[in-house]
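The following note sets out numbered points on the model shown below. Please read each point beside the sequence and the coordinates.

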2 protein chains.
Amino acid sequence: MTETPHERRTRACQERLRDGDAAAVVLSPGANLQYLTGIAESPSERHFLCVVPREGGPVFLVPELSGTQVREQTWVAHVRTWADDDDPTAALRETVADCGLGSGRVFLDDTMPARFCLDVQRAFGGERGRQRPFGLASEVLGPLRARKDDAELVALRRAGEIADEVALSLRRDAADLVGRSEASLAREIEHRLAAAGGDGVSFEPIVAAGPNGAKPHHGHGERTIEPGDPVVVDFGTWVDGYASDTTRTIVFAGDPSEEFERVHAVVAAAQAAGVDAVEPGVEARAVDRAVREVVEEAGYGDAFVHRTGHGVGLEIHEEPYIATDSETVLEPGMVFSVEPGVYLDGAFGVRIEDLVVVTDDGCERLNDSPREWRVDAA
Amino acid sequence: MTETPHERRTRACQERLRDGDAAAVVLSPGANLQYLTGIAESPSERHFLCVVPREGGPVFLVPELSGTQVREQTWVAHVRTWADDDDPTAALRETVADCGLGSGRVFLDDTMPARFCLDVQRAFGGERGRQRPFGLASEVLGPLRARKDDAELVALRRAGEIADEVALSLRRDAADLVGRSEASLAREIEHRLAAAGGDGVSFEPIVAAGPNGAKPHHGHGERTIEPGDPVVVDFGTWVDGYASDTTRTIVFAGDPSEEFERVHAVVAAAQAAGVDAVEPGVEARAVDRAVREVVEEAGYGDAFVHRTGHGVGLEIHEEPYIATDSETVLEPGMVFSVEPGVYLDGAFGVRIEDLVVVTDDGCERLNDSPREWRVDAA
């Protein structure tokens with residue numbers, strides 16, 4: 001029987017546990033659980049845990065109501081349930097005993113709420129409880145999740161294509177969209193992403209027109225998109241749990257200022273330099289440096305107020321981060337954004353963002369819609 | 001200077017800490033933090049904590065970026081910040097030392113993610129770290145939050161009025177709404193709640209038409225509302241952080257089955273009996289019993305598959321729960337739903353829900369739109 005991606009990832013997780021002489025990872029609903037089991041569950045008030053021991057199969061501990069669904073949707077064979085009036089911590093203690101997890105570090109899912117953390121800590125306490133060291137699941141799973149496998153890349157490529165389709169459609173329909181409010185365009189983008197096959201938005205779309213573009217944290221408001229306005233549009237969607245994220249700065253109609261044209265050219269050049277710098281073996285900060293140098297040489301260094309990029313996968317912000325001090329060595333399969341921005345207070349902002357995946361000898365772009373500010377550029 | 005509601009609640013929390021010989025409550029973004037400080041922050045990857053020691057003022061520990069906002073929006077005088085490249089756990093350790101919190105139980109916010117729990121546990125560890133007992137903030141704050149104060153009741157009443165306005169408007173416009181899909185009516189309800197002054201929906205509205213009404217967990221789908229369909233509509237909104245939640249079962253046009261008429265009368269009588277049973281000093285299960293007896297006597301006991309109610313406040317589900325085994329003694333200020341339902345598989349469902357607040361000698365309804373299934377009932 002062929003090993004599924006989820007099984008392969010779980011095996012890699014268990015190898016890391018054994019290498020570190022650790023006992024187990026305990027997951028709750030979220031990206032880590034989805035990564036190893038495919039279960040995309042929403043956090044709730046009920047215990048919903050998955051114990052991944054260093055040896056043997058993982059064990060799901062879920063309410064009886066969820067038992068059938070988990071059995072149907074995951075490769076994990078051992079699903080332990082309890083009725084609404086039973087004590088879930090008893091099942092947890094038995095699992096710890098059954099798996100022979102008497103000692104060694106236990107890694108808690110980074111997002112696990114305290115109401116479950118305390119129970120898990122107590123269950124893994126046992127007689128030597130006070131000595132049990134705890135860590136975070138990201139210590140084990142972070143490096144694995146940073147390198148995407150083929151199944152993940154299929155989803156990420158498709159998510160990128162959908163974002164590109166929508167970016168293209170905004171250019172095509174620019175004449176109709178000018179005059180709309182930022183908020184209305186954000187809803188339009190959301191609608192188009194869904195129509196193109198995306199599964200919701202991976203974050204609330206940013207539509208920042210004119211001077212609003214100079215505020216990197218502006219979402220969208222009631223400002224109307226006027227002719228000549230540079231508009232920063234930053235959005236993405238989900239495909240099979242994986243995100244896309246792309247940014248273009250577009251002038252929907254009319255002519256922008258000369259300074260905007262100059263700055264846009266600088267940001268585009270910086271973005272290209274960043275993508276060119278991506279290859280396995282280099283540190284993430286080298287990519288940040290390549291981008292920042294172009295912006296600094298043009299005299300806009302102070303106006304580039306954020307890091308160059310962030311990893312994207314099951315979460316919209318994850319490892320690896322591409323910043324001035326990022327010593328992460330890039331490896332094939334890593335997916336992250338390259339997104340320089342220049343923000344001129346009271347005037348405009350420019351940001352251009354593509355996701356890239358590191359390949360054996362460079363990188364592949366996951367976004368390739370036109371980067372020009374002119375909507376009629378080819 | 002008059003004490004604000006937030007200060008009064010914090011003082012009550014500290015009294016409970018001292019009574020229990022405990023050290024502190026540590027909060028993260030969520031309902032408990034909002035309850036004591038008014039800060040309605042979204043959970044993020046950055047440390048954002050509030051230490052409430054048994055004596056003296058609370059201390060906020062937040063990123064520098066959030067410092068100004070927290071200082072402006074809360075009564076808490078001590079706001080400690082750190083820059084993005086500083087270590088937040090150092091500030092946390094210093095706070096523990098400054099507050100003289102060397103021993104005693106520490107209560108972690110129930111929703112605090114493990115990534116912060118472990119840091120807080122380490123910071124409170126100190127030399128005697130392994131002996132420090134931890135609990136959950138709800139153990140301290142749950143009983144306080146269950147009894148709403150005047151400021152909370154103002155918000156809850158207004159949220160209820162807005163829900164009632166929308167329920168009334170659905171009856172008024174019934175002739176126009178028949179033929180719409182469940183999903184479309186759900187969006188319409190969302191729109192009307194906002195137009196009436198609500199701040200978003202307190203949960204995704206339920207619109208369950210015809211046989212879909214027999215599935216208590218049905219949200220809404222593409223089914224069209226047909227003449228003669230009983231439609232379960234269950235929705236609410238937020239006002240100043242407090243939720244409303246009301247359910248009516250309405251026939252938008254045409255005539256339903258005789259059995260539906262009979263069942264609707266039973267559920268309405270059960271709901272009235274439940275509200276009548278609410279008074280301070282009785283156990284919550286007595287309310288459940290009063291409701292269930294009416295349904296059982298009518299022969300539909302097996303079709304009433306859920307508890308009678310749940311508390312509502314800063315969260316849409318909170319203490320007190322009104323169930324068969326709830327021994328909570330009702331006290332003035334407690335707010336909860338009374339919502340019997342009967343679900344006849346393949347046919348229809350009926351649920352009627354109002355929120356009530358316990359008064360000194362009975363209760364006050366927070367919902368009072370018509371409970372009849374006929375839209376033209378007065």
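In which strand of chain A does A:Pro320 lie?

1. Cis peptide bonds. A:Pro320 belongs to strand β13 of chain A, residues 318-322, where strands are DSSP runs of E of at least two residues and helices are runs of H or I of at least four, both numbered from the N terminus. The bond between A:Glu319 and A:Pro320 is cis, with omega at about -5°. In chain B a cis peptide bond likewise joins B:Glu319 and B:Pro320, omega again being about -5°, and B:Pro320 is part of strand β13 of that chain. Most peptide bonds are trans.

2. Basis of the values. This is a predicted model, in which local features require pLDDT of at least 70 and side-chain atom pairs count only at pLDDT 80 or more, while totals for chains, interfaces and linings use all residues; side-chain values use heavy atoms, with hydrogens and water left out. Residues are numbered from 1 along each chain as its sequence is written, and chains are lettered from A and ligands numbered from 1 in the order in which they are written.

3. Positive phi. A:Asp21 has a phi near 55°, a positive value in a residue other than glycine. A:Asp21 sits in the loop between α1 (5-19) and β1 (24-27) of chain A and is exposed, at a relative accessible area of 55%; here buried means under 20% relative accessible area, exposed over 50%, and partly exposed in between, with a 1.4 Å probe and protein chains only. In chain B, phi of B:Asp21 is near 55° and also positive. B:Asp21 is placed in the loop between α1 (5-19) and β1 (24-27) of chain B, and its relative accessible area of 56% makes it exposed. Most residues other than glycine have a negative phi.

4. Salt bridges. Over all chains, 66 salt bridges are found, the criterion being a side-chain nitrogen of Lys or Arg within 4 Å of a carboxyl oxygen of Asp or Glu. One of them pairs B:Glu331 with B:Arg147, the closest N and O atoms being 3.3 Å apart. B:Glu331 is in the loop between β13 (318-322) and β14 (335-338) of chain B and B:Arg147 in the loop between α6 (137-146) and α7 (150-172), so this pair ties together parts that are 184 residues apart in sequence. B:Glu331 is partly exposed, at 31% relative accessible area, and B:Arg147 is partly exposed at 33%.

5. B:Arg172 bridges to B:Asp173, with the closest N and O atoms 3.5 Å apart; B:Arg172 is exposed at 62% relative accessibility, whereas B:Asp173 is buried at 18%. B:Glu283 and B:Arg285 form a salt bridge whose closest N and O atoms are 2.6 Å apart. Both partners are partly exposed: B:Glu283 has a relative accessible area of 27% and B:Arg285 one of 33%. In chain A, salt bridges with shared partners join A:Arg172, A:Asp173, A:Arg180, A:Glu188 and A:Arg192 into one network.

6. A buried charge. B:Glu182, in helix α9 (residues 182-195) of chain B, is buried but has no salt bridge, and the nearest side chain of opposite charge, B:Arg223, is 5.3 Å away.

7. The surroundings of B:Ala174. B:Ala174 is found in helix α8 (residues 174-177) of chain B and is buried, with a relative accessible area of 2%. Beyond its neighbours within four places in sequence, B:Ala174 contacts B:Phe252 and B:Val375. B:Ala174 and B:Ile250 are 76 residues apart in sequence, and their C-alpha atoms are 9.2 Å apart.

Terms used:
Lys and Arg count as positive and Asp and Glu as negative; His and the chain ends are not counted. Contact means heavy atoms within 4.5 Å.
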